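Hi everyone, thanks for coming. Let me put today's chain up on the screen, and then we can walk through it together.

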Amino acid sequence: MDRECVSLLPRVCEVLRGSGSSLPDDTSLEKLLDWFTGLTEAGGSVQETIPCLLEFISAVVNETSSDPGVISFTLKLSGLIAATEDGFRTLQGSVLDLAFNPQHWRDAGLWEDPCIRIGWIQGLRNMLQHSKSLTFFVQADFIVPLLQLQTDSSLFVASAANQMLAHTLLFFQPRCNGTFEDHRKDKRPQTSITDVEPSSQDYAAVLVTISKFLKESLVPKEKTRLHQSEQILKLLALLLARARQPLRDKVLGTVADSLEELVTAGYSQLTLPLMDIILAAYSSSGTDDCVPDQRVTRLLSSMLNVSKPSDLIGAAAAFLRGGHHHHSSVFLFSRDTVHTAQAVRILLLPLHIITGHTLLGTNAAEVHQYSIAEQLKIKTPCISMICVCLTNTPPITLMPPDLLPCPPVLIITAVLSLLRIGSGDSSSSSSGCSEVFRNLVGSGKVQKCALEVLMGLSSSPGMKDKLTEVVTVLIQYLNNPDSDPTVIHKSYQALLKWMSVCEDLSSLTEKLRKDVINVVKKRACDMRWEVRDSTVEFLGKLASVLKPVEEMCDALLAGCWSTPLLREALQDPESYVRASAISALAQTLEHSWHQGAAFTQGQTDVVTRLLEILSQDTEGFARRAVVQYFIAWFSSLASHTSPLSSPSSSSSLRMNSVSSVLSLGSADLDWEVKVHTLELAELLMDKACSGHRGYTKGSETPPALLHPYASVSDQTRALHTHTGTHGEGVESGLAGALSNLVEQGVVSALLSGLVDCDRPVGLKACQLLITLRETVCPLSLEPLDATPAPATVAKVTCELPGCSWGREIRKIPGMKGFDRVKEADIAHGARCGEVGKEGASESGDSVCVGVCEMLRSLGLDEKLDILSQSSDHVHNSPLSLLQDILTASAAHTHQDTEPGQEVIVDCY
């Protein structure tokens with residue numbers, strides 16, 4: 001531990017003893033405890049390293065006058081120290097007895113504060129890590145107040161008490177052979193077995209008391225105490241999920257009758273907690289590879305036969321959901337086929353009733369059909385039940401056929417019928433329950449749920465046969481004037497999903513294709529910007545989906561309609577729509593870019609418009625999309641085509657536009673635009689320098705650097721260097737590539753980014769400049785190195801402007817040695833120093849410097865070290881925390897501080 005921290009801790013303890021009101025913020029004590037916890041987990045002895053803590057704990061416990069937050073912290077700290085047997089022996093006696101005696105805090109009038117109760121619970125939990133602490137827990141009879149806190153008025157206290165009780169039973173539970181695990185943190189040789197294992201009498205006493213409490217408290221004596229039963233059910237689920245034999249069997253035996261009584265009582269509020277217990281018992285028995293306890297299966301049978309329709313459907317959904325989400329799903333579905341099939345029939349029953357499709361067989365006489373049909377006639381429960389049933393249909397269709405009452409394709413048909421009913425078309429479900437239709441027509445909640453489910457059903461068996469019907473229904477929704485923007489967005493998503501999974505789209509008729517085109521044209525002009533945004537986004541994604549299918553791509557994305565729509569959307573008044581249109585254009589045109597097709601006048605106009613957006617648009621979304629468009633364009637070039645030199649008209653357009661994009665993007669106010677601009681510069685570097693020895697492709701950035709605000713270690717980026725000698729031809733090619741990068745503005749963009757105020761921009765630029773340095777001047781990494789760079793490369797120069805980023809670059813210490821920079825700075829100083837001379841320039845003259853020499857003079861490695869550090873690397877320390885506590889205390893005690901004056905602290 002840092003010596004300075006040790007020296008400050010006695011003063012910090014004095015501050016905490018005095019009052020907690022002077023702390024710099026509410027989390028200071030938690031951070032202090034986190035620090036002590038880390039020291040303990042690292043094997044350190046807090047009580048030996050920081051002896052003043054023992055005096056602090058004793059004083060706080062005995063005086064009881066400290067702030068409740070400080071007392072709570074002290075209780076947690078006491079438990080942390082007592083978590084090791086050495087620490088327990090140190091505190092054993094008056095300190096522990098008094099600290100964890102609830103009556104002591106009641107007498108002080110503090111027990112009613114939830115903060116004290118939380119500290120008491122968590123302190124005990126910290127302590128209960130070895131047999132001596134369990135003996136102390138039992139002898140002090142702490143189990144009684146802990147059980148009382150299970151139903152505390154504070155949910156936080158009740159939850160913590162739940163966790164504590166489960167920890168006590170599970171942590172010390174014996175193995176199947178009756179022996180106990182050694183949980184000690186300080187596992188030194190012990191003199192007897194009793195030092196290692198908890199006393200069987202202690203554990204048995206705890207188990208008996210808890211079992212009695214569970215049995216007596218599960219069934220509420222009055223309906224107003226249901227929250228108490230709910231808390232205890234959560235505790236049971238936690239126990240059964242992690243308990244081994246024989247503990248699991250004992251717990252089940254204790255509560256089985258009470259659970260049956262709860263099911264029979266029919267409390268809707270307890271349906272899901274009861275199902276959690278059943279699933280927990282199933283999963284834990286599955287890990288032992290044994291048949292589920294008959295008491296559990298009997299309980300499940302009761303849950304799947306409750307009389308209330310909403311509870312019945314909720315139980316069936318919870319059972320199937322638990323089976324799919326848990327590692328034991330194979331156990332649930334393969335070994336309990338009876339209950340699985342029953343749950344499936346329950347969940348399909350509402351669809352069977354509403355749509356009239358025979359999902360459950362022609363002669364099915366379901367026990368619950370009448371009660372569910374009556375409940376569906378009431379709007380609120382109808383919508384709720386339908387959404388629950390719909391959500392479960394995709395996993396149902398993927399189940400083994402012997403568990404299903406009908407083919408999966410019939411379930412898809414029923415969902416489509418439900419969608420038609422929701423839009424007001426009930427003609428296809430004339431045999432369904434017409435009384436329910438009025439509850440579903442126009443229900444946005446059901447429409448959205450059904451559309452999401454339709455996306456999930458795209459992977460169901462037999463789905464290819466339903467493609468035409470699915471597209472027809474989705475077009476109907478897109479055409480419906482009553483569809484809200486979210487419904488339209490989900491309709492587009494579903495259409496894309498089904499088209500993406502169907503390899504053969506030839507089943508779509510010419511009429512359907514025209515209908516798709518017409519509805520997209522219609523929605524592109526919608527009054528609501530959300531609909532226009534979804535429409536242009538759909539066009540872009542559709543291009544990606546249909547790329548492998550040439551004939552469909554030509555049929556649905558012919559330039560005669562899609563590209564003009566997107567070009568028009570570039571003028572949209574809403575920035576989100578403009579940004580989506582730019583992205584969609586990139587996706588739509590990517591196919592022609594790959595083929596190297598000649599640019600049309602329309603595509604040329606698009607580039608002109610995009611440059612206008614980059615220079616004039618007031619919203620960052622659209623400007624970011626513009627730079628990403630150019631990144632996509634350059635990325636799509638064929639491998640044999642150079643982005644910088646080609647006789648084609650499209651290449652000429654690229655050459656003319658790239659400088660503008662780099663110049664505008666690097667000067668943008670939005671840091672994301674600048675980062676994307678550097679990504680474009682990186683792409684141009686890759687194209688120009690790939691193949692040259694020593695060049696590390698920019699895309700090979702380590703994962704730690706992918707997020708712009710991620711902090712990285714010093715060795716995150718390995719710089720690739722070499723010491724070989726270039727041939728004249730290689731040197732000439734490298735010089736040409738570097739000259740092109742200068743001419744196109746790549747080097748200027750990197751230098752501008754290096755001195756940018758946004759750390760992600762500076763970090764990216766610095767990494768790319770180091771890569772460039774390692775490529776063009778690998779033999780000389782230090783400014784004073786006598787070995788020159790290759791002569792031809794050394795002649796390549798770039799211009800540093802006399803203002804803006806150029807002025808900042810010239811201020812870098814390594815650049816002071818350049819003669820031309822010196823001369824320009826002297827001339828600039830002279831002009832600015834001429835008092836009274838009108839029109840004295842505030843910016844200096846631009847100067848030309850050698851690129852290679854400049855790269856070696858910028859101090860890039862030191863700059864990278866600084867930029868790679870996260871913003872809190874200085875302040876995120878225990879020392880800073882202790883200093884903040886003392887500073888805040890000093891300010892609190894000075895009464896002469898001016899009103900409104902604050903003490904600024906850097907508490908991490």
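How many salt bridges does the structure hold? There are 28, where a salt bridge is a side-chain nitrogen of Lys or Arg within 4 Å of a carboxyl oxygen of Asp or Glu.

Before I go into those, a word on the ground rules. This is a predicted model, so to speak of local features we need pLDDT of at least 70, and side-chain atom pairs count only at pLDDT 80 or more, while totals for chains, interfaces and linings use all residues. Residues are numbered from 1 along each chain as its sequence is written, and side-chain values use heavy atoms, with hydrogens and water left out.

Now the overall picture. The chain has 45 helices and two strands; these are DSSP runs numbered from the N terminus, with helices being H or I of at least four residues and strands E of at least two. Of its 908 residues, 53% count as buried. Buried here is under 20% relative accessible area, exposed is over 50%, and partly exposed is in between, with a 1.4 Å probe and protein chains only. The chain exposes about 40,100 Å², and carbon and sulfur atoms supply 52% of that; the areas come from the Shrake-Rupley method with a 1.4 Å probe, and for residues only the protein chains shown count as cover. Taking contacts with a separation of 6 or more, 73% are between residues 24 or more positions apart, a contact being heavy atoms within 4.5 Å.

Back to the salt bridges. D249 pairs with R295, with the closest N and O atoms 2.8 Å apart. D249 sits in helix α15 (residues 247–265) and R295 in helix α17 (residues 294–303), so this pair links parts of the chain 46 residues apart. D249 is partly exposed at 37%, and R295 is partly exposed at 23%.

Next, R532 and D572 form a salt bridge at 2.6 Å between the closest N and O atoms. R532 lies in helix α29 (residues 529–546) and D572 in the loop between α31 (562–569) and α32 (575–595), so parts 40 residues apart in sequence are tied together. Are these two buried or exposed? R532 is buried at 11%, and D572 is buried at 9%.

D617 and R578 also meet in a salt bridge, 2.8 Å from N to O. Both D617 and R578 are buried. Elsewhere, salt bridges that share partners join E14, R17 and E63 into one network.

On to the nonpolar side. A nonpolar core is a set of buried Ala, Val, Leu, Ile, Met, Phe, Trp, Tyr and Cys residues joined through side-chain atoms within 4.5 Å. The largest one has 276 residues, and those touching the most other members are F36, W120, F137, L390, Y629, F630 and L751. Helix α36 (residues 671–689) gives the most to this core, with ten residues. Beyond four places in sequence, the contacts of L390 include L351, V415 and C449.

K764 is buried at 15%. Its side chain makes a polar contact of 2.8 Å with that of E682; that term is a pair of N or O atoms within 3.5 Å, where within protein one must be able to donate a hydrogen and the other to accept it, and residues adjacent in sequence count only if both atoms are side-chain atoms. Leaving aside neighbours within four places, K764 also touches L678 and E679.

Thanks, and I'm happy to take questions!
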